[in-house]
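Open the model in your viewer and keep the sequence panel beside it. We will go from stop to stop, selecting a few residues at a time.

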Amino acid sequence: MDLYNTLLVSLEMSESDRRLLMVLLVIFVVILLLAGFIGMLVRYLSNKMGERIETDIAEAVKYRIIENHKSAMKYGRRKNARLFFKAATPSMACLAFILVFWLIYSLCTLKNGGFGANHFANFNDLLFKFDATWEKDFLGFYKLMALSVKDYPTFVGGHWASYLIVTVFIIATVYLFVVSQAFLARAANLRRVVDEVYKNSLKGFNFFDETAKAAEQERQNKQ
C-alpha cells in the first residue's frame, strides 16, 4: 500500500509541471496557427503571381496571333522564363557579390583561418542563446527544470565580414525562393489557361443549333 501511495504522489503533476504543460500547449497551438496562416498566404501569393502570365499572353491570344495550343505554350514559357530571369537577377547578383567577397576576404585572412572560417558560426553572435536544465524523474522521463538566457546578442568587430556574408546570403536566398515560387505558379497557371482557351471538343455539338445561335447573335448585333 505504501508503494502504491508513493506512486500516486509521484505521478501527480507539480505546479511547475502544469505551467510547463500549458506553455507547451500554447506553443503547439501557435505553431499550428502559424503553419495554417503561412499555407494560406503561400497559396494566395501563388495565385496572384500566376495571374501575371495571363496578362502577358492575353493580347496575343485574343487577336489570334497565336493560333494553336503548342504555339501558345511555347510563347508563354518564353515569357515566363524572361520574367524569372528579370526577377532573379538582383538575387543572383547579390549571391555573386557574396561569392567574390568571400574569396577576396578569405585570401586576405589566410593567417587567421582564411577559407576555413565558419561564417555561420560567427553569425551566431547576433542571436540569443538559451541554457536548459533537464532532470529525470523516477520513471526515467526527462522534464525541464529551468530555462534561462545563456548569452545575449553581441557584436564582435572581428566578425563583421561574417555578418555581412550571412545576412546578404539569407536575404538573397529567400528572395530567390520567392521568385522561383512565382515562376512555378505562372507555369501551372499558363497550362491551365492555354488548355481552357484552346480546348476543342465536339461533345454536345449540334450544327443546326449552333447555326441558329450564330444567326440570332448576328441579328442582335445589327439591332
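**Stop 1: Ile-57.** Start by selecting Ile-57, which lies in helix H2. This is a predicted model. Is Ile-57 buried or exposed? Its relative accessibility is 3%, under the 20% limit, so Ile-57 counts as buried. Now show what surrounds Ile-57. Leaving aside neighbours within four places in sequence, Ile-57 is in contact with Tyr-75, Gly-76, Leu-190 and Val-194. Draw a distance from Ile-57 to Val-194. Their C-alpha atoms are 9.6 Å apart in space, while 137 residues separate the two in sequence.

**Stop 2: the whole chain.** Zoom out and colour by secondary structure. The protein has six helices and two strands. Follow the chain from the N terminus and the order reads α-α-α-α-β-β-α-α. The protein has 223 residues, and 19% of them count as buried.

**Stop 3: the largest nonpolar core.** Select Ile-53, Ile-57, Ala-60, Val-61, Ile-66, Ala-72, Met-73, Leu-190, Val-194 and Tyr-198. These ten residues make up the largest nonpolar core. Which elements give two or more residues to this core? They are helix H2 (15-62), H3 and helix H5 (160-197). H2 provides the largest share, four residues. Now pick Met-73. Beyond its neighbours within four places in sequence, Met-73 is in contact with Leu-190, Arg-191 and Val-194. There is also a second, separate core of six residues. Among them are Ile-98, Tyr-105, Ala-161 and Ile-165.

**Stop 4: helix H3.** Select residues 69-108. This is helix H3, 40 residues in all. From first C-alpha to last, H3 reaches 57 Å, close to the expected 58 Å. Look along H3 for the bend. A kink of about 45° lies at Thr-89, shortly before the proline Pro-90. Then highlight the buried residues of H3, including Ala-72, Met-73, Gly-76, Asn-80 and Leu-83. Further along, the buried set also includes Ala-88, Ser-91, Ile-98, Phe-101, Tyr-105 and Ser-106. An α-helix has 3.6 residues a turn, so residues three or four places apart point the same way.

**Stop 5: Ser-106.** Stay in helix H3 and select Ser-106. Its relative accessibility is 0%, so Ser-106 counts as buried. Follow its side chain to the backbone oxygen of Trp-102, at 2.7 Å. Ser-106 also touches Gly-114 and Phe-115, not counting residues up to four places away in sequence.

**Stop 6: two cysteines.** Select Cys-94 and Cys-108. How exposed is each? Cys-94 has 34% relative accessibility and counts as partly exposed. Cys-108 is exposed, with a relative accessible area of 63%. A disulfide is a covalent bond between the sulfur atoms of two cysteines. The disulfide count here comes to zero.

**Stop 7: Asn-122.** Finish in helix H4 (residues 119-123), where Asn-122 lies. Why does Asn-122 count as buried? Its relative accessible area is 18%, and buried means under 20%. Show its contacts to close the tour. Not counting residues up to four places away in sequence, Asn-122 touches His-159, Ser-162 and Tyr-163.

Notes
Residues are numbered from 1 along each chain as its sequence is written. This is a predicted model: local features need pLDDT of at least 70, side-chain atom pairs count only at pLDDT 80 or more; totals for chains, interfaces and linings use all residues. Side-chain values use heavy atoms; hydrogens and water are left out. The expected span of a helix is 1.5 Å times one less than its number of residues. The bend at a residue is the angle between axes fitted to the seven residues ending there and the seven starting there. Buried means under 20% relative accessible area, exposed over 50%, partly exposed in between (1.4 Å probe, protein chains only). Contact means heavy atoms within 4.5 Å. A polar contact is a pair of N or O atoms within 3.5 Å; within protein, one must be able to donate a hydrogen and the other to accept it, and residues adjacent in sequence count only if both atoms are side-chain atoms. A nonpolar core is a set of buried Ala, Val, Leu, Ile, Met, Phe, Trp, Tyr and Cys residues joined through side-chain atoms within 4.5 Å. A disulfide is a pair of cysteine sulfur atoms within 2.5 Å.
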